[in-house]
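Hello,

Please find the structure below, handed over for your use. Notes on what was found in it follow.

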Amino acid sequence: MGDLNRRTVLLGAGALGAAGALGLVSPAHAWTWSAQASVAGAGRGVDPRRVWDPEADALVADLFARGQVERVNALLADWTTNGQALPAGLPRDLRAFLDRARVLPAWTDEAALAQAFSFYERRGLYLGLLYGLGSGMMSCAIPREARAVYYSAGGADLKDRIAKTAKLGYDLGAPDAFGPSGQMIVTALKTRLTHAAVRHLLPRSGHWKSGATEHLPISQADILVTWHSLATFSRNKLTAWQVPVTSADEDAFLHLWQVTAHVLGVDDEYIPGTWDSASRQSRQILDPVLAPTSEGVKLAHGLLDLAGAQGGMSRPMLHSFIRYCLGDRITDWLEIPREPGPDQAVAQGWPHFLTFRESLVGAPVPGSVFWAQDEFLRLAVLFFLGDGQRINITMPTGNNPNYR
């Protein structure tokens with residue numbers, strides 16, 4: 001689709017008009033989650049599969065039309081912390097957009113965000129493993145996400161793509177994540193621009209179009225699916241592992257992810273207001289879409305190669321921990337082999353490790369002690385993924401050259 005037609009769809013048709021290109025949603029899969037269960041408490045009730053990011057999409061389409069994407073990427077490279085002024089020389093429309101988008105919503109609870117970091121101090125090890133070996137591998141069994149990654153620029157350099165994803169996870173759990181010294185607002189907004197660039201470029205890929213079931217990639221529903229594969233999955237897994245988590249910690253963890261969704265451009269009417277409403281939404285939009293694809297299998301094994309190169313776990317132990325996190329169905333879809341000995345060792349040993357670790361958490365040991373230990377591991381992973389360089393999220397300028 002040409003730039004003019006695409007821009008017409010985004011600006012003229014907006015969130016509702018794009019539904020015409022998708023066709024009617026099957027009643028069996030109709031959107032029924034109520035906006036009353038969101039942080040907004042109300043909304044239009046439009047299916048998020050019909051909603052993208054019209055403002056960012058139109059802006060980025062204009063940057064491409066004006067030939068300014070590479071220049072903007074270079075200017076934004078040194079914009080790293082939330083309280084930092086925007087770089088000089090940015091196009092005025094981009095500057096205005098970023099100035100608006102960097103403002104946190106009125107419902108932000110600073111005390112809850114501070115509590116969330118305290119939670120990360122004590123349980124960051126679990127969350128890091130769940131994000132990387134649980135959610136990261138689950139993403140390969142989400143067909144729309146797997147195809148979008150595989151055929152976009154990220155599929156051409158998986159290590160770089162994972163590095164940028166890991167940066168978002170790291171910045172989310174860092175001190176003052178959304179405060180002046182943190183980096184999460186910057187990281188989320190650069191990710192939002194990247195999503196818009198992928199929406200601009202990926203429909204030009206014949207390989208993506210031949211397998212895609214959607215007209216444009218990365219709808220608000222797709223972002224919510226990823227949100228649940230991280231936030232809701234991790235919360236549910238901690239519960240299943242019987243990790244004692246206070247209601248204050250649970251609420252703070254949810255709030256951290258609520259603010260993240262908002263800054264990533266998700267409309268407030270789709271952001272769950274409670275964990276109960278998050279679970280209901282997840283059952284409607286995440287659980288039914290999980291499925292195997294050839295692209296997902298290839299991505300999964302690429303991720304395993306990267307994880308194995310870090311040297312933290314043997315390949316069989318990686319296979320076993322992923323199976324322990326995700327279960328047999330998803331792990332078999334991704335063609336991850338069963339490892340009878342390690343599978344049994346992980347299933348029996350991990351609960352004992354949790355008991356030991358939690359006995360330390362319950363002891364009079366400052367959370368900063370656990371944070372310091374886990375921080376070393378996180379930074380080592382980022383150092384490896386970034387080849388020792390600072391990780392910078394940039395808008396792509398093309399699709400996977402191997403799969404145009």
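How many helices and strands are there in the protein? There are 17 helices and 0 strands, where helices (H or I, at least four residues) and strands (E, at least two) are DSSP runs numbered from the N terminus.

This is a predicted model, in which local features need pLDDT of at least 70 and side-chain atom pairs count only at pLDDT 80 or more, while totals for chains, interfaces and linings use all residues. Residues are numbered from 1 along each chain as its sequence is written, and side-chain values use heavy atoms, with hydrogens and water left out.

The protein as a whole

The protein has 404 residues, of which 53% count as buried (under 20% relative accessible area; exposed is over 50% and partly exposed in between, with a 1.4 Å probe and protein chains only). Of the contacts (heavy atoms within 4.5 Å) between residues at least 6 apart in sequence, 77% join residues at least 24 apart.

Helices α3 and α9

Two packed helices are described by the angle between their axes and the distance between the axes. For α3 and α9 (residues 184-201), the axes come within 9 Å and cross at roughly 70°. Axes here are lines fitted to C-alpha atoms, for helices over the stretch in contact, and angles run from 0 to 180 degrees between N-to-C directions. The two helices, α3 and α9, are therefore roughly perpendicular to each other (65 to 115 degrees; under 35 is roughly parallel, over 145 roughly antiparallel and the rest oblique). On the α3 side the contact is made by A56, D57, V60, A61 and F64, and on the α9 side by R192, L193, A196, A197, R199, H200 and L201.

Q68

Q68 sits in the loop between α3 (54-65) and α4 (69-76). Its relative accessible area is 17%, so Q68 is buried. The side chains of Q68 and R66 are joined by a polar contact of 2.6 Å (a pair of N or O atoms within 3.5 Å; within protein, one must be able to donate a hydrogen and the other to accept it, and residues adjacent in sequence count only if both atoms are side-chain atoms). Not counting residues up to four places away in sequence, Q68 touches L63 and P91.

L230

L230 lies in helix α11 (residues 220-240). Why does L230 count as buried? Because its relative accessible area is 19%. Leaving aside neighbours within four places in sequence, L230 is in contact with Y131, S135 and W257. The C-alpha atoms of L230 and G169 are separated by 9.6 Å, with the two residues 61 apart along the chain.

Regards
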